[in-house]
Amino acid sequence: MDEQNSPAVFVKDLWFAYNGYPALENVNLSIPRGDFVSVVGPNGGGKTTLLKVILGLLRPTRGEVRVMGMTPEQARPRIGYMPQYTQLDPLFPATLMDVALMGRLGRGGLFGGYSREDKNVVSEALKQVGLYELRKKSFSALSGGQRQRLLIARALACEPDLLLLDEPAANLDAVMETDLYQLLRTLNERLTIMMVSHDLGFVSRIIKSVICVKRKVLMHPTTEITGEIINDIYGSPMRMIRHNGEGDSICSNL
Ligand SMILES: Nc1ncnc2c1ncn2[C@@H]1O[C@H](COP(=O)(O)OP(=O)(O)OP(=O)(O)O)[C@@H](O)[C@H]1O
């Protein structure tokens, strides 16, 4: 498969174990470019592990992973990653610009200083998430929602083709969550997005496919997700809410 026409993510017969304990089994996936995938599943199901394998942070025990036709290591500079928990101390003495510039590290920034291009790309990323005006403010002055946006700007700073987001809506209130999804919807016009969501209260209007991870992995178009599938993943009764009569749906706990 050549680089141009290959899927954003292709996984074949992938197995992964932590010290002999299997976390992912026989995973097969093909995520087309431009997709917006929500990765769901129970606690400890393997969602973060799957993201880390795609990112090349974890090496599979067995199987093949290709990201835009390349190995994860080769593709890494083109993958924007927002990890699950914000590691940054809220009192971290840095401006928004400093934090977002960290996203240029994989592009050769920092050592020898950041170039004008680094700063231009990061300014653009801050504009996209609506934080450019605050760029000189301290990280500690941001609200939870603004911090999540800043971490997305940091992930965008490497000018990615693929964005991997691990629970970006964690700790956000409903209004901030809606704003965040609106931003992701806009970004999806030019990027492939894979987003872990812990619960199934996802805004399905913007999501095109759902990947269910419970050691084994299944991918469905959003419209195909049924209560039965959800019960199967979570092992507990779940309910489907048809959203707008156009096949959109939201799943939630009973
Ligand atoms: N570094 C590690 N060493 C050993 N086992 C691990 C490690 N990280 C994760 N695991 C185990 O692998 C399994 C999958 O974990 P993972 O974090 O990928 O799940 P998850 O679906 O992202 O969970 P959550 O929804 O709780 O974030 C779990 O059983 C977990 O305990």
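The legends below describe close-up views of one predicted model, from the whole chain to single residues.

Because the model is predicted, local features are reported only where pLDDT is at least 70 and side-chain atom pairs count only at pLDDT 80 or more, while totals for chains, interfaces and linings use all residues. Residues are numbered from 1 along each chain as its sequence is written.

**View 1. The chain as a whole.** The secondary structure comes to seven helices and eleven strands, where helices (H or I, at least four residues) and strands (E, at least two) are DSSP runs numbered from the N terminus. Of the 254 residues, 39% count as buried, a residue being buried if 20 or more other C-beta atoms lie within 10 Å of its own, exposed if 12 or fewer, and partly exposed in between, with C-beta atoms placed from the backbone. Among the contacts with a separation of 6 or more, 68% link residues 24 or more positions apart; two residues are in contact if their C-beta atoms, placed from the backbone, lie within 7 Å.

View 2. Eleven residues lie around the ligand, and Tyr-18, Gly-44, Lys-47, Thr-48 and Thr-49 come nearest; a residue is near a molecule or strand if its C-beta atom, placed from the backbone, lies within 6 Å of it. The shell divides into two nonpolar, eight polar and one charged residue, with Ala, Val, Leu, Ile, Met, Phe, Trp, Tyr, Cys and Pro counted as nonpolar, Asp, Glu, Lys and Arg as charged, and the others, Gly among them, as polar. Helix H1 (residues 47–55) gives the most to this shell, with three residues.

View 3. Three strands in the order E2-E1-E4 form an open sheet with antiparallel pairing, and two strands pair if DSSP finds at least two bridges between them. Strand E2 (21–31) and strand E4 (62–67) stand at the edges with a single partner strand each, so one side of each is left without a neighbour in the sheet. The twist averages 25° from one strand to the next. Strand E1 (residues 9–18) pairs with E4 over five bridges, and Phe-10 has Arg-66 in E4 as its bridge partner. H1 lies across E1, E2 and E4 and runs at about 120° to E1; axes are lines fitted to C-alpha atoms, for helices over the stretch in contact, and angles run from 0 to 180 degrees between N-to-C directions.

**View 4. Strand E6 and its two parallel partners.** All five of the five residues of strand E6 (residues 162–166) are buried, so the strand is largely enclosed by the rest of the structure. Leu-162, Leu-164 and Asp-166 are buried on one side, as are Leu-163 and Leu-165 on the other. Strand E5 (residues 79–82) runs parallel to E6 and is joined to it by four bridges, with Ile-79 opposite Leu-162. Five bridges join E6 to strand E7 (residues 192–196), again in parallel, and here Leu-165 stands opposite Met-195.

**View 5. The loop residue Lys-136.** Lys-136 is placed in the loop between helix H4 (116–128) and H5, and it counts as exposed because it has 9 C-beta neighbours inside 10 Å. Not counting residues up to four places away in sequence, Lys-136 touches Thr-95 and Met-97. Lys-136 and Thr-95 are 41 residues apart in sequence, yet 5.4 Å apart in space, C-alpha to C-alpha.
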